Amino acid sequence: MKKKSKKDRTESVEKVKISPAETKLEDRRTFLRKVWKGLGAIAALEVVSVFFGFLFSGKEEDVESTTKQIFEAGNVSSFQPDTVTAFRGGRFYLARLEDGGFMALSLRCTHLGCSIIWEDAKKNFICPCHSSAFGINGEVKNPPAPAALDYYPVIIENGKVKVDIGTRLTRSRFNKSQVEYA
Amino acid sequence: MQSSVNNTKPKRFSGILLHLHPQLINERALIFNRTFGLGGMAALLIVLQFITGIMLRLYYEPFPQKAYDSIIFLQSNVLFGQLIRNIHHWSGVFLIIIAFLHLLRVFFTGGYQSSRKVNWIIGLVLLLLIIGSNFTGYLLPWDQLAYWAVTVGTSLFEYIPFIGTTLKQLMLAGDEVNAQTLLIFYNFHTAVFPILLLLLMAYHFWRVRKAGGIILPNKDEGKKTVPTFPNLVYKEFVVALALIAVILTFSLFFSAPLLTKANPDFSLNPTKAPWYFAGIQELLMHFHPFIAAFFIPALIVISLLVLPFLKNNEVHNGVWFFSEEAKAAAKFSAYSALTITPVLIVMNEYLPKLDTLLPSINSFLTNGLMPLIILLLIIWLYYKFVSKKYELSQIGKVQTMFVFITTAFIVLTIIGIFFRGVDMKLAFPWNL
C-alpha cells in the first residue's frame, strides 16, 4: 500500500512538467483564481458596508434632529434671581443667576448620565449616583464629574423665556457668554 | 486491550455523556478538590439559564410600555412565574461567581500553559460573554434599578478613547436608554450571546479533552485508569443535584428585585451599577472616569490575555499554588491587599482631594493621572518588597501579584455593594 502511493506521487510530479498546452492551462487557472479572490474581497466589503449601514441608519434621532424644538418656560418676571425651576417635561432646569441672567441646564450629570437634583438649602445640584455637585451655573463644585453641566440656548422674546431643547451644548467650564440676559 | 475497553463500554444514556468525557480517565483526576467541579457547575448553570430563559420569553414583552407590566403579570398570575424568574436571577448571579472561581482554580493550578493557552483565552472570552449576558439582562425588567444601572453602565463606555461615544450611541441607539435600547439588549440577551456562548462552550470542552483532560501534577506519576461511567459521571451528578438544590433554596426564600417602573427623570439615590461592576463603580469614586472605567479594567483584561504568553521556563503543572514558598507569598499578598485597600479608600474619602486643593489644574491630571501614579507606585513598591521577602521564581511572582490585585478588586467590589449608602457615602451595611 505505502509503496504504491509513493509511486503515485512521483508520477504526478512528473506530469506537471509536460507540454506547453498544460502551462497555458495553468496560467488560465491562476488567473481565474485571482478573479475569484478579487470577487470575494468585493463581496466581503459589500457585506461589511451593508452591516454598518444597517447599524447606523434608521434611528429615530436622525429623523428629528433637524427640527428646532422650542420650549416656552414662562414670563421673565416669574423667575426670581438666585432660584432654580425644574422643567421635567423639557428635561432641563431653568436657573436664574444672582445677577438676573438665565441658563437652561441639562438634567444629565456629566459623569455617568444620572439625573441631578437641585438642593435649595445648599444651592447646589447634586448627582445621586456618585455625589458630584454643581453650582447654580452648572460649574463643578465637587468631583467626580469631569465637566460643567450641558446647557440649552435660552431665547428671551417679548418678556418670555424660551428654551431651544433640540440643541444641547457641551462645555468644560462655565463662562459668562453662556448666560442670557433679559 | 480491545476486550477490556469493550467490557467497560457504557450503553444508551451514559453513552451520550461520554461525548464530553473519554471512556477511561486517570484515577487521580477524580479527586474533588482538584477542580471543585467548578467548570461543570458553570455549564450546568448555563443550561438552567437556557431553560428558564426560554420560559420567561413566553411571557416577556420587550417594549417600554409593556415590559414592566409583563413581569408583574408573570409574577402574580403565572403558576411558578415568580419562582422561574428567581431561578433565572440567582443562576445568573451564581454563574458569574462560579465562572470567576473557575478562572481562579485554573490560574492557581497552572492550567493556562502549553497546550492549554488557547483554552485560557476562550475561557476569558466566555467570562466576558457571561458578563455581557448578565448586563443585557439587567435592563429587561425596565424598573428603576434596571434603567439607572444600565444608564450608568453604558455611560462608562463614553470614556473609551476615540470610539467610546460612537460605541455607546450604537448600544443605546441614541443618547439615553430608550425603546430601541430595550430591543437591542433583548436581542443580545436572548439570541446573540446565548448562541456565542453555546458555540464557544463546545469548543472549550473539546480543547479540554484535546489537552488530555483536567490538569494533573507530574510527580507521583500514577497512571491507573478507571471507567468514566460510573466513577466520574456519578460524582458530577451529585454536584449537579447539590447545586440545583442550592439555587432552588435561594429562589424560594429570596425574590429577584423589582422596584417601581423606570422613570428617566428621577435617579435612585444611591444609583448603583450591577453588582459585578461594583468594583469599577468604587474605582469611579476615586479616579477620573477614563482611569477607572477604561484604563484599569483594560489593563486587567490585557494582563489576563497575555498571561499564557509570558516568557517563562518553568512549568506550573497542576499543583495548587505552585510551591510552598509561592503559596506563603500568595497568602501574605491576600492579607496585605485586604488591609491596604480599605485604608486607601477611607483615606481618599475623608482627606481633602487633590482636585479641590488644586482647582485650577485640569481634573484629568489631579483626579486621574496623579492618583494613578500613586497607585502604580504602591503596587511597584509592594512588588519589590514581596519579591525580596520571599525570593520567588517568576511563576511565584506573577501569582503573588495576581493575588494582590484580585484581592484588592474583590475588596472594592464588596465595599461598592455593601458599604455605599445615600449619596454614595461610606456607610455600614446595617445603616443602608
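The contact between the two chains takes 26 residues from chain B and 16 residues from chain A, two residues being in contact if their C-beta atoms, placed from the backbone, lie within 7 Å. On the side of chain B that touches chain A, the elements giving two or more residues are α7 (144–155) and α15 (363–390) of chain B; helices (H or I, at least four residues) and strands (E, at least two) are DSSP runs, numbered from the N terminus. The largest share of this side, four residues, comes from α7(B). By class, the side of chain B that touches chain A has 12 nonpolar, nine polar and five charged residues. Here Ala, Val, Leu, Ile, Met, Phe, Trp, Tyr, Cys and Pro count as nonpolar, Asp, Glu, Lys and Arg as charged, and the others, Gly among them, as polar.

The model is predicted: local features need pLDDT of at least 70 and side-chain atom pairs count only at pLDDT 80 or more, whereas totals for chains, interfaces and linings use all residues. Residues are numbered from 1 along each chain as its sequence is written, while chains are lettered from A and ligands numbered from 1 in the order in which they are written.

Chain A has three helices and 11 strands, arranged along the sequence as α-α-α-β-β-β-β-β-β-β-β-β-β-β. Among the contacts in chain A with a separation of 6 or more, 46% are between residues 24 or more positions apart.

Four strands of chain A form an open sheet in the order β2-β3-β4-β9, with antiparallel pairing; two strands pair if DSSP finds at least two bridges between them. Strands β2 and β9 (151–152) of chain A stand at the edges, each with a single partner strand, so one side of each has no neighbour in the sheet. Strand β2 (residues 83–87) and strand β3 (residues 92–96) of chain A are joined in the antiparallel sense over five bridges. Within this pair, Val84(A) stands opposite Ala95(A), and Thr85(A) has Leu94(A) as its bridge partner. The two strands form a hairpin with four residues between them, and Arg91(A) in the turn has a positive phi of about 60°.

Chain B is divided into domain 1 (1–268) and domain 2 (279–432), with bounds from an automatic or database domain assignment. The C-alpha centres of these two domains of chain B lie 26 Å apart. In the contact between them, 17 residues of domain 1 meet 19 residues of domain 2. On the domain 1 side, α5 (81–108) and α6 (117–139) of chain B each supply at least two residues, and the largest share, four residues, comes from α6(B). The residues of this side divide into 12 nonpolar, four polar and one charged.

The largest nonpolar core has 82 residues, a core being a set of buried Ala, Val, Leu, Ile, Met, Phe, Trp, Tyr and Cys residues joined through C-beta atoms within 7 Å. Helix α16 (residues 394–418) of chain B gives the largest share of this core, eight residues. The residues with the most contacts inside the core include Phe92(A), Leu105(A), Trp142(B) and Ile280(B). Not counting residues up to four places away in sequence, Leu105(A) touches Phe92(A), Tyr93(A), Ala95(A), Gly138(A), Leu149(A) and Tyr151(A). A second, separate core of 23 residues includes Ala42(B), Leu56(B), Ile130(B) and Phe193(B).

How values were computed
Buried ≥ 20, exposed ≤ 12 C-beta atoms within 10 Å, placed from the backbone.
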